[in-house]
Amino acid sequence: MRVKLPGVLMAILIIGAAVPVFAHHGFGVEFDVNNCMDLKGTLTGITWENPHAYFDMDAKDADGNMQSWHLEMVTPNALKRTGSTKQVFLDNIGKPINARVCLAKSSNQHRGAASYLALADGQIRLVGQGVERRSDEQKHF
Amino acid sequence: MTAVTRESRYWLGSAGVVLAALCLFFIFAPDSSGQGQGQDQQAQQGRGQPGRGAQQEGPAKPIPKGFFDPGLNRHLLPPGGPTPRTADGHPDLSGRYYPNGVGRMVGSYTPAGVDPDASGLFIKGNPPQVNPVFRPETKDKYQFPTPYGTCAPGGTPTSITTQTTEHGPIELVQRPGVLWIMDEFPQAIKWIPTDGRPHSKDPDVSFAGEAVGRWEGDTLVVDTVAIDTRMRNISVGLSGDANAWTHSEKEHVIERFSRPSKNFLIYQVTVEDPVVLVKPFVSAPLRWSLAQDPNDTWTEYLCTANEDSDAYQKIDPKIREDYEKGKLPAPGGQP
């Protein structure tokens, strides 16, 4: 006999299955889902550590001035299992990168969390939480 | 300062336990995954990662193309064969399992398109998960979200149930008279004697608790007591840290493990706590699937609060307070 799940409970289960929740903080505390942008620039560094990996990139602001960004990703165990290994980032240092970034809520500029990016090969890589709830078709640069 | 010292001791202790257990694992487990043969050879041809066993780092794989790489399974796995058994006839639970039906890590950051019925722990058609029924007077003392910026240690049963939202693998290593359960997150180890011994008269309190296992037919029943009251029950009931709850010294956890076929592990947990709960919490049967990628490697995932110091520390106090009180629904529908 099949049992139909109540709608609310089903929603909770689906959310639980689809959205990562990190044990120590919530995305909405540190980052602003309503302040996201595309960045285009050059990959300059990778920090491969727990519980978040980070990458650095240089990108020009609206005034044409080069700015250095430090951007959070999800955990190394998740990244490597999507093919985005540390070596992939190392191989792309100094090469073009596009990143979808939600800015940090703190007063600091040039900090944020990346949800997806494209390295020189153009392939979309999921590296963060899908907080903007974009469809796969909407994930492009 | 006391809290910091306690936390440091905890992590140092945990690191030691993990290291010791991994040493045991590498010594005794030539192929704990239950997967195909020849992986040791493959590993030796690869990048020369240390250790033995399945799922060693192999030759570099092609990078998945886009979100829907056909090489990544999106469907519920087939049974995969009969239940593996040990020489004594009991089911062999050994293997690395993911908290879903597709045999790989699935989250919003991994390639999508997974069948809804296979993307999580809950089995289609089974009774739904229910939330524990708390005594009204216990609400404030035992029910509160994990404080912001802290890392809840693992323990029983959280190290397993938290994978509802963390999506990481667990690895079971079974030998005659003993079962080890390792969790990639939060890097916890549980040692379970299955030789029929009873609980100690005065067991030491620990986060994993004192566990003893016994076979009931093809189901391993693990009975755990003496769980540290600082151990937070996460995804025991509704999912996520926002629904975490603590427990009393009288908590008693019964976990049931079965392996109906090679590819699947079924886990069910019952939590009794007459101080906190009106009645025992009885989970739905939760489905885990055997890792399918022979190149899948065990990975460290530790909560170390390495967030960018500026972004992390200069958080609006009001936002932090709202989060800790459960008033801040995170984007994307997170609890």
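Visitor: How many bridges join strand β2 of chain A to strand β3 of chain A?
Guide: This is a predicted model, in which local features need a pLDDT of at least 70, side-chain atom pairs count only at pLDDT 80 or more, and totals for chains, interfaces and linings use all residues. Residues are numbered from 1 along each chain as its sequence is written, while chains are lettered from A and ligands numbered from 1 in the order in which they are written. Strands (E, at least two residues) and helices (H or I, at least four) are DSSP runs numbered from the N terminus, and two strands pair if DSSP finds at least two bridges between them. Strands β2 (residues 54-60) and β3 (residues 66-72) of chain A run antiparallel, and the number of bridges joining them is seven.

Visitor: Which residue takes a positive phi in the hairpin of β2(A) and β3(A)?
Guide: Within this pair of strands, Tyr54(A) stands opposite Glu72(A) in β3(A). The hairpin has five residues between the strands, and the residue with a positive phi, near 85 degrees, is Gly64(A).

Visitor: Which residue in β5(A) stands opposite Glu72(A)?
Guide: β3(A) also pairs with strand β5 (residues 111-118) of chain A, in the parallel sense and over three bridges. There, Glu72(A) stands opposite Ala113(A).

Visitor: Is Asp56(A) buried or exposed, or does it count as partly exposed?
Guide: Asp56(A) lies in strand β2 of chain A. Leaving aside neighbours within four places in sequence, Asp56(A) is in contact (C-beta atoms, placed from the backbone, within 7 Å) with Thr44(A), Gly45(A), Ser68(A), Trp69(A) and His70(A). A residue is buried if 20 or more other C-beta atoms lie within 10 Å of its own, exposed if 12 or fewer, and partly exposed in between. Because Asp56(A) has 18 C-beta neighbours inside 10 Å, this residue counts as partly exposed.

Visitor: Which residue in the turn between β5(B) and β6(B) has a positive phi?
Guide: Strands β5 (residues 210-216) and β6 (residues 219-225) of chain B run antiparallel and are joined by seven bridges. Glu216(B) stands opposite Thr219(B) in β6(B). The hairpin has two residues between its strands, and the one with a positive phi of about 65 degrees is Gly217(B).

Visitor: What average pLDDT does chain B have?
Guide: The pLDDT is the predictor's confidence in each residue, from 0 to 100. In chain B it stays under 50 over residues 1-68, for which the model has 90 contacts beyond four places in sequence. It is also below 50 over residues 328-335 of chain B. In chain B 69% of the residues score at least 70, and the average is 77.

Visitor: What ipTM does the predictor give the complex?
Guide: Chain A has four helices and six strands, and chain B has seven helices and ten strands. For the complex the predictor gives a pTM of 0.77 and an ipTM of 0.77.

Methods
Two residues are in contact if their C-beta atoms, placed from the backbone, lie within 7 Å.
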